[in-house]
Each structure stands twice: as C-alpha cells, then as structure tokens.
Amino acid sequence: MVNTWIIAILRLSAPILLCAVGSLFCDRAGVTNISLEGTMLLAAFMGVFGSYYSGSWIIGILCAVAAGVLASLFFALITLKFGGAELVVGFTMNVLLDGLTVFMLRSIFKVSGSLVSEKVIGVPSFTIPGLTKIPVIGGFVTDLNILVVLAFISVFLAHFIFKRTHLGLKVLSSGENPQAAATVGINVYGIRLLALVITGVLCGLAGAQLSLGYLSMFTEGMTAGRGFIALVAVMFARGSSMRVLLVTLLFGAAEMMSNYLQLFQYSSYLILMIPYLCVILLTLLQLILEQQGKKKRMISAREKTA
Amino acid sequence: MNFDFRQKPIKVKTALFAVMLGLLAGAVLILFTGNNPLVIYGYMFKGAFGSASSIASTLRWATPLLYAGLAATIAFRGGMFNFGVEGQLYVGALAAALVGIYGAGLPKIIHILACMLAAMAAGLVWAILPAIIRVKLGGNEAIPAMMLNYVAMNLCDFLVQRFFLPENTFGQTMATANVAEQVKLAKIIPPYTVTYGFVIAFVLIVVAHFMLKYTKAGYRISMTGMNSEFAQYGGVDVNGVRVKVMLLSGAVAGLCGAVEVMGVTWRYESGFSPDFGIEGILASLLGGNEPFGLLIGALFMGAVKAGSLVVERSAGIPRALAEVIKALIICFVSARLLSEYLGMDRLEKWLKGKLKRTAPAGANQVKEG
C-alpha cells in the first residue's frame, strides 16, 4: 500500500519537480519567469505531436524539449533583448501558449478537449527487479520511467552545480548583484540566457512527463496550475535545491491524496481543491515562520546590544 | 523572485506596431491552416463591426472584460497584483445567482441592487486572503490569488451540486435555476445581447478615471503604486491603501460575475467564464493600466473575440487563434526596444525628413535662420 503511494507520488511530482528546478535556475540568475505553465503545456502538446507522427516516444520527448526551449527563447528574446517587462511577458505567454496548443490541437488533429489515440506512444516504464516487495524501497524502484529518474537527477545536479561549480557561482552572482558580476567579467546576459534555456529543457521534459509519462494523451489546459505550483516551491525554497525537492514531493503527495480520495464517495470538486489549498497553506506557513524568525532575530539582536 | 512592476505609459506608435506584428504572426498561423489571411481577417472585421449584430457581439464580449479589467487596473494602480479576478468573479456570479433566485419577493430595483451587492461582497471576501498575505505577512499575493481561482471554481461547483441543483436535472452542467425575471438585465437594443451591464461598466470606467486623477483617494492609490516609499514619506497609509485597493478590486470582479449572470446566462453555470479574469488582466495591460486605455483595450479584445467566433463558424479556424494574436500583441507592446531594433525609428526619421522637404520654403528658412 505504501509502495503504491510512493510510486504515485514520484510520478505526480516529476513534472512539478522538473519545472521547479528550471525555475530555480531562472530565479537564482535574476530572471523572473512566470511562463512555466504555458511552456510546460506547449511541451506536453508537442510531445504528443511528435509521438503521434513518428511512432516513437523518444522523438516525442525530443519534440517536447524543443518546444520548451523555443518558448524560453521567445521569452528571452522579448525580455532580455527587447526590454519587455518580465511579469507581463511571462503572464501573457501563458495565455499565448494555451491558445496556441488549443489552436494546434483543433486545427491539426481536428479534435477538441483531448487527443487520445493509439498512435501516441507513451514513455515505457521499467522496474528494477528484486527489490519490489520491500516496503518503502520497493516503491522507489517499481514502475519508474526515464523522465522521473531525470527529474530526481536534475535536483541533485542543480544542488551540485550551485554548491561546487564555477557556473553555479556565476549564476548566483548574476542574480544577487548583476552589476558587480558584470564588472568582474561575468556575462550576465549570457548566464540569464543559459538559465532560460535550461528552464526550457526541464519544462520540456516536464511537459513530456505530463502527456507521455504514464498517460498517452493531451488535454487542453492539462498543466492545471502546476507551473505556478513550481514557482511557489522555488519561492519557499529560497535557493536551496533540497528544499525544492521536499516541497515538490509534498505537492505530489497532495495530488496523490486527491486522486486516491476520488475513489471514495467524497465530492470530486472538494477533492480537486486539495492541492491548491495545500499550496496556499504552505505559503501561509512559510510566511508566518519567516515573520517569527525575523522577530526572534530582532529580539536577540536587541538583547545582544543591550 | 522580483515582483516589482511599474507600468510605463504605452506610446501609440508602439501599440500600433505591436498590433501589426501580432496580426502578421496570426496571418502566418492562418496560412498554416490553408486559408487566405486577408479573407480571414475580412471575416474577423465583419464579425466585429460589419453589422448591427456584430457590433452587439463586440460590446457583449467587451462588457465582462471591462469589469474584470477595471478590477485589475484598480489593483495595478495600487501596486497590487490581483490575479485572482477569475475566482472572484465566480463567487460573485454564484452569489448574484442565489440572491436572484431566492430574493424573488423583493421589489425590482432592490432585488437588482441586492444581487449586485451580494456579488461585490462575495468578490471582496475572496480578495481578503491575498490582501492579508501581502500586507500582514509580507508575501507576494499573485500566486496565492491564482490558487484561489481554482479553489473558487471547484467550491462554487461543489456548492451548486450539494445545495442548489434544481430538481430533475441530470445534465452534465452544474447550474442553478434561472434567476427571477425582474433581475435579468434589460437589453439595450433587443434582440441583441448587449445589456445595460455595458452601460454600467462604461459609467464605472469614467468614475474610476476621475477618481484616480482628481481625488485624494485616487492620488493615494496612484502614489502607492508608483513609489510606495515616497507615498509613505508623504503620509499615505500604504498598507491601508493596498488592502482597500485589493478589496475594491475584488468587489468589481465579483460585479463582473453578477453582470454576466444577470445579463447573459441568467443562472450560475459551471465554467461559464472563458477566462474573463485573465482576459481582463490582459485588457488592462493593453490599456496601460488606465481606465480609458482599458476601455479601448477591452473593446479591441471584445472585437477580436466577436470576430473570431464568426471566423470559426465560417472557416473552421479555431477561436483560439484570437487568443494567440491578442497575447502576441501584448508581448510586443511590452517589448519597448523592439521597434528600435527593427529600425522603425530610422523609418520614422526618414518619413519626417520627407515631410519636411515638401513643406513650404518659408517655413524652412525660418528654422535654419
């Protein structure tokens, strides 16, 4: 039972996790990118598109990644190159890409709502033999797919990059103090562009996981706010990749609970609210804790100087 | 993450250029569907302005955007991000529908006012949490407000399903019964669907413009939005303004739901809003966060929507194309340096030079002297 839950949590957290790691790069580099939702959606569509026309899930994933990168490059173009306001462009891009996916769905595939077809090949899942019966550990090795594995690798990779590499330092300083970074010779523009490309790749993988991961279909608006949940995870994490992982797993658990409870008699509407309420509760919790922390620090500082 | 946003005034030439680029991109998409862009844009124009019913359609689609956009504008001017307009209009719609049904005994004017006030109260309540998050807890209100949108939509559907479903309904749409006859907003020119909701919206926009520009309260709001430290130094209770702005924004958003219910659908229906909240925010951005700019923005977006419906009926091109064009236009409007980059400034100078050369000789001599 616990294992089934773990399997579900891993599967559901993966898209949010991938997006969140991408958002982490953007945030640390000083780019406020709120277009993740739309980017993930476009990637989800292009993943299905690629898989449909090529019969291969690998091509599907590549298409999804390409779509993510293109969307991010568009954001970079309008924002970095042409001086657009990041919040406006990001917000508007979500509308743009939602409209674009609906447009493409209806004009290319001539269906509305969802695209379900046997031509769409999903990502195969695999299981590491031998350990499946063990509680808890078994949940981590059963029914995985490459995207879920990549999601977790990306978190640890991000952690490593930020803590140990020159690149990580450059990103952190571009975000922390871009003018100082520029005087030292860091190409802030290039770093930000790189961060956006990385975000594009990761959101592309996230979209692929959504539409090809365990289901093989595309539904209009299927991201359902996950891009924003990823943003909340990054805001809560305040730069720590491990915290991003923790928060994302929490959201995955909330979504898993929501799916699980739908099997019972509770009203589906109430259950659908659960993940979003969790986000709000988490935000409130974090803010209240921060306030307490500040007060404690102020009090102790006053005591020290008294 | 940096959520600072200060709206710079939008120059007319930037807007026109952005519209041109957006239409160009739309043309490319139209070509992909195998249609002739000129023909399709012709349909769109006819669908928006070509006949009395087209103009009515444009106004009908602009009306909810006027309310939602006004809500967004008020919030933006006060330095707040009300991304929760969608949720607020849903609760407002439900509130208005319920008062519309259960208040049937009241005299007509009171009943109509009661519906609207209930909707405004509901929207206001739904805006309280984001306001608290910003003012009391120091967090950003944008994303919690967005989450509340999803909560609102599900909550309203749940309430209808549990308590307010009329008997003998087995349909898929969660909807309440129709509101009382007397509450339905009258059409301005029957049989076209434009109701007095549009007139009320127009009046509100004018009121908002004058309030923001010529009253003390408006000054406080604008200063808080433009530079809150300066405002605070000048004695403005910045946090108070922020809360009031957010609550007012929520109330107007609730009113949007009410007008849609009372004027068009005549009942609360699940999913009745095709993203009016988001579109309202976009209309506000298009209008540079000024009430009269919003008027133009909302009318433009209403026109594009009306046109896109006709295009969908006549040529089968999905109406989502309009969303893409609208969103691209706003992106391009925001891209201030775009026109510079593409050499529009040089083009402008060249054109001006040409005009000078054709001016009468006397004028030139005065300038060079």
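Helices (H or I, at least four residues) and strands (E, at least two residues) are DSSP runs, numbered from the N terminus. By this assignment chain B contains 17 helices and zero strands. The model is a predicted one, in which local features need pLDDT of at least 70 and side-chain atom pairs count only at pLDDT 80 or more, while totals for chains, interfaces and linings use all residues. Residues are numbered from 1 along each chain as its sequence is written, chains are lettered from A and ligands numbered from 1 in the order in which they are written, and side-chain values use heavy atoms, with hydrogens and water left out.

The C-alpha atoms of chain B fill a box of roughly 80 × 60 × 40 Å along the principal axes. The radius of gyration is taken over C-alpha atoms, and the globule rule is 2.2 Å times the number of residues to the power 0.38. For 369 residues a compact globule would have a value near 21 Å, and the 23 Å of chain B agrees with this. Of these 369 residues, 53% count as buried (under 20% relative accessible area; exposed is over 50% and partly exposed in between, with a 1.4 Å probe and protein chains only). Chain B exposes about 17,000 Å², of which carbon and sulfur atoms supply 65%; accessible areas come from the Shrake-Rupley method with a 1.4 Å probe, and for residues only the protein chains shown count as cover. Among contacts (heavy atoms within 4.5 Å) in chain B between residues at least 6 apart in sequence, 75% join residues at least 24 apart.

Helix H12 of chain B, residues 276–286, is mostly covered, with ten of its eleven residues buried. Among them are Phe276(B), Glu279(B), Ile281(B) and Leu286(B). The cover includes helix H4 (86–108) of chain A, together with H3, H4, H11, H13 and H14 of chain B. Gly288(B), which follows H12(B), has a positive phi near 65°. Asn289(B), in the loop between H12 and H13 of chain B, also has a positive phi, of about 60°, although it is not a glycine. Asn289(B) counts as buried because its relative accessibility is 3%.

In chain A, Lys110(A) likewise has a positive phi, near 60°, and is a residue other than glycine. Lys110(A) lies in the loop between H4 and strand S1 (114–116) of chain A and, at 67% relative accessibility, counts as exposed.

The largest nonpolar core has 213 residues, of which Phe251(A) and Tyr268(B) touch the most other members. Such a core is a set of buried Ala, Val, Leu, Ile, Met, Phe, Trp, Tyr and Cys residues joined through side-chain atoms within 4.5 Å. Leaving aside neighbours within four places in sequence, the contacts of Phe251(A) include Ile16(A), Ile229(A), Val232(A) and Leu282(A).

Thr223(A) is found in the loop between strand S2 (217–219) and helix H10 (226–237) of chain A and is buried at 1% relative accessibility. Beyond neighbours within four places in sequence, Thr223(A) is in contact with Glu37(A), Met40(A), Leu41(A) and Leu210(A). Ser241(A), in helix H11 (residues 241–261) of chain A, is buried at 4% relative accessibility. Ser222(B), in helix H9 (residues 216–226) of chain B, is buried at 8% and touches Arg77(B) and Leu212(B), not counting residues up to four places away in sequence.
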